[in-house]
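Hello,

Here is the structure I promised to pass on to you. Have a look at it first, and then read my notes below.

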Amino acid sequence: MIARNAFDYTVDRILKQRCVPIAGAGISITSKHALGWEVHNVKWIVATLSNELFRLRFDKYESKKYGTVCKKGCAKPLEQFGYAYDDCILSINSCYFCDVRQATESNKLGHLAELYLWEFSCVNSAYEALIKLLKIDLYKELIPTPAHIYIAKLAREGLLSEILTTNYDCNFEKAYNLITGSENADVIANLDNYRRNGAAFDDVNRLKVYKLNGCAKELDGGADPEKCESILLTERQLQKWRNRQWAADIFRDRLRSKSLIFVGFGSDEPQVHHTVQAVLDEYTDKSISNDEHVLSTPAAPIMAIFDPQPSFHQQQIVNTYAVHHGQPANQGNELIIRGFQPGGTLSADELWGLIYERVIRSLTITALKHSLQPMNASFTSIMPFAQVILHQVISTLENSVKNDVGCLTAMPNWLESLSPALCSNSKENGPFSFLAGSLSKLNCSEVDVYDPINENKALVSELTTLLFLFRDILSPNVEGESEGGLMLTFESLASGISEKKTLHLNADPSFVFSGDKVRVSSGNNHLVLAMGQAGSHVRPSLRRVANKNIEAGSITPKTIVTLGWQHIFYQRPYDGNKDNVVKTIIDAVCSPTNYFYANQSSIKRRTYLREV
C-alpha cells in the first residue's frame, strides 16, 4: 500500500522502527543558552567569521602588493576597520577580499572556516583560535528544544534507536536523559566511543546519538589543539569526513537500509550531500528492481524543509532517488514535507509535534486492541460491558484516520469535544499527546520523566475508556494540575443541583495504599480511583484530613475515599446495562463513602443492617 504523502510515509517508517532522523543546524535554531548566547545561529557564525577574516586581511593589506579594493561590495565591510575609499579608485575586477565576501554572501561556512585557517602559520593554533572565535565550547550548554523532546519520547517508546546529527550541541542526549530520568543516551562522537558504546544495551531503551561532525563536550574547554581539530568545520574536513570513516560507514549503511528523515538541512553539508549522491547511484544496478513509486519503497529519504520551497541540494537528493527508481524526477517532490499553507514555513518543533501526535494515536489504538485480548485482561475483567465499550472506542479512533489532512491528525468527535477540557491546563499540544503525558502523572513518576505507552498499554486503555465514558460531561479543570495523579472535573446533577465534582486518578501503588494527601480546594468527600491495580488486592480506604486554604485562611475537613474498579462495580451480577456504567461511576464520585461502606465485609455480615 502506497502512503498518501511523505508525512504518512515517515510515520509508518517510525512505527515499523525503520526510520532514522538526521538532524542539521536548523533543528537547534530555537535552542536557548542560559546566559542568552546566540552562538549556534548559522548567521551569527558566518558574520563572526566574515568580520574576523576582513579584519585579519585588512591588517596586512597593502594596495601596492594586493591591488585596489573592488567595486563589488568589499569596500563596505572594511569601513569598520578604518578604511576610507574613493569610488573613483575602486577596481572593477576581483580583489584581495572577494573570496571572503563571496563565501559570506553564499553562507559557505566551510569555506570561511578554511579561509580563516589559512591566515595562520601554525595549524594547531589556528584550530584552537577557530574554536574559540566561534565559541563552540558553549554549545554543550544549550537547552533542548521541543523537537528534541518529541524525538526523545519516540525513542523512549522504542520506535527510534539512533539519531545522526551534524550538530556539535548535546541537545539530543540531554533530552533523552531528561525524560528517562537517568543517563540512557550513548553519545558516539569518535571511534573510541563507537567501540565502547556502539552495542550497549540496558533495561531502558538506549538511544545512540551519532555526532558526525564532533561533539562540543569532547573539547574540554577548547585548550587542546587535537580536540579542537576533532570538530569538523572546514570545507576540506567536511568533504572527506577527515578520519571519521566509521561515521561515513554508518551513514551509508543507514541510507541503504532505513528511511532517513532530513531535518534542519537548509544549508549545504558537503559530506552529507556527496555521500548521499554516491549511495543513491548504487540504485542504478540493473539487478535491482527499481520500477516502483517512491512512497512504496522501503527506505526512501524524506526531506523536511522549513522554507516554502526546497533548495537545489534538497531537490537533488529526492529527485535523484526518484530517477534511480524508474520514476520521473519530479516525483521526488512527494518525498518532501513542507508547511501546511502554500508559501508557509514548517519549523522542526512543529513538525515533530505533529509526527508525535500521529504516532501516539496509532500506539493508543494498538494498546486498546491489546487490552481486548482475554490473556491481557485487566480492568476489562471487572468493568461491565468493557469489551463492548472498548470496541466502540477503537472504532471511532480508526474511523478518524481517513479524515487526516496532510500533517494534521484527525480525531473522533467525542475526543475533539474533550480537547478544551483536557488541554486547558496541560503542556501538551493535542489530546493524544495528553493521553501519553498523563501516564507519568498517573504513575507519580518524577517531573519530566516520560512513561511510554508501549509499557503501559492497560493503563492508557483504562484512561481512554474513562474519557470516552465522560465525553459529554467533562469540563476544564479550574484548579490546575494535580501534584500527584490526574484530576478530571465534570458537572454533576446527582442531587438535582448542578455542581462541579472532581475525580482523582492514580496508579501508583504506594499512593493507593498510603495516607498521601489529595490536593483539593473545595468540597467534603472526594474519590480517588486506583487505576492500573485490577490485578492487585486493593482494599478500599477512607481517611479524614484537614484541607488548609492558606489564601482564605481557613481549615475545613475533607474525606478522601480510595476505591478500585472492583469496589465501584461490586454488585455480582451487575444490575444495569451499558448506558448505566458511567452513571454508576458518577454516583461513586458523588457519594464515595456509600461505596466504601458497601465493600466492608464486617458490615456485610451484619444482616440486620441490610435494607429490607
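What follows is a short tour of what turned up. Please keep in mind that this is a predicted model.

Let me start with the sheet. Seven strands form an open sheet in the order E5-E6-E4-E1-E7-E8-E9, with parallel pairing. At its edges stand E5 and strand E9 (336-337), each with a single partner strand, so one side of each has no neighbour in the sheet. E5 runs parallel to strand E6 (residues 207-211), and four bridges join them; Val187 has Val209 of E6 as its bridge partner. Elsewhere in the sheet, five bridges connect strand E1 (residues 19-23) with strand E7 (residues 259-263), again in the parallel sense. There, Ala23 stands opposite Val263 in E7.

Next, the nonpolar cores. The largest has 134 residues, and Trp352 and Phe470 have the most contacts inside it. Helix H16 (residues 348-372) is the top contributor to this core, giving 13 residues. Another core, of 41 residues, lies apart from it and includes Leu90, Leu115, Ile131 and Leu138. Which residues does Phe470 touch, not counting those up to four places away in sequence? They are Leu418, Leu488, Phe490, Leu503, Val582, Ile585 and Ile586.

Not counting residues up to four places away in sequence, Phe468 touches Ile389, Gln392, Val393 and Trp414. The charged end of Arg471 sits over the Phe468 ring, 4.1 Å from its centre. For a sense of scale, Phe468 and Gln277 are 191 residues apart in sequence and 50 Å apart in space, C-alpha to C-alpha.

Now for the aromatic rings. Searching the whole structure gives 21 aromatic pairs. In one of them, the ring centres of Tyr283 and Tyr321 are 5.9 Å apart and the planes stand at 80 degrees, so the pair counts as edge-to-face. Tyr283 is in the loop between helix H14 (270-280) and strand E8 (302-304), while Tyr321 is in helix H15 (residues 312-323), so the pair ties together parts 38 residues apart in sequence. Tyr283 counts as buried at 15% relative accessibility, and Tyr321 counts as buried at 2%. Ring pairs also link Phe54, Tyr61, Tyr66, Tyr96 and Phe97 into a cluster. Over the face of Tyr96 lies Arg57, at 5.0 Å from the ring centre.

Finally, the cysteines. How many disulfides does a search of the whole structure find? The count is zero. Take Cys122: the closest cysteine sulfur, in Cys228, is 12 Å from its own sulfur, which is too far for a bond. Cys122 is partly exposed, with a relative accessible area of 37%, whereas Cys590 counts as buried at 15% relative accessibility.

I hope this helps you find your way around.

Best wishes

Technical notes. Residues numbered from 1 in each chain as written. Predicted model: local features only at pLDDT ≥ 70, side-chain atom pairs only at ≥ 80, totals over all residues. Heavy atoms only, no water. Core = buried A, V, L, I, M, F, W, Y, C linked by side-chain atoms within 4.5 Å. Buried < 20%, exposed > 50% of the residue type's maximum accessible area, 1.4 Å probe, protein only. Helix = DSSP H or I, 4+ residues; strand = E, 2+ residues; numbered from the N terminus. Contact = heavy atoms within 4.5 Å. Phe/Tyr/Trp six-rings, centres within 6.5 Å; stacked < 30°, edge-to-face > 60°. Lys NZ or Arg CZ within 6 Å of the ring centre and 35° of its normal. Disulfide = S-S within 2.5 Å. Pairing = 2+ DSSP bridges.
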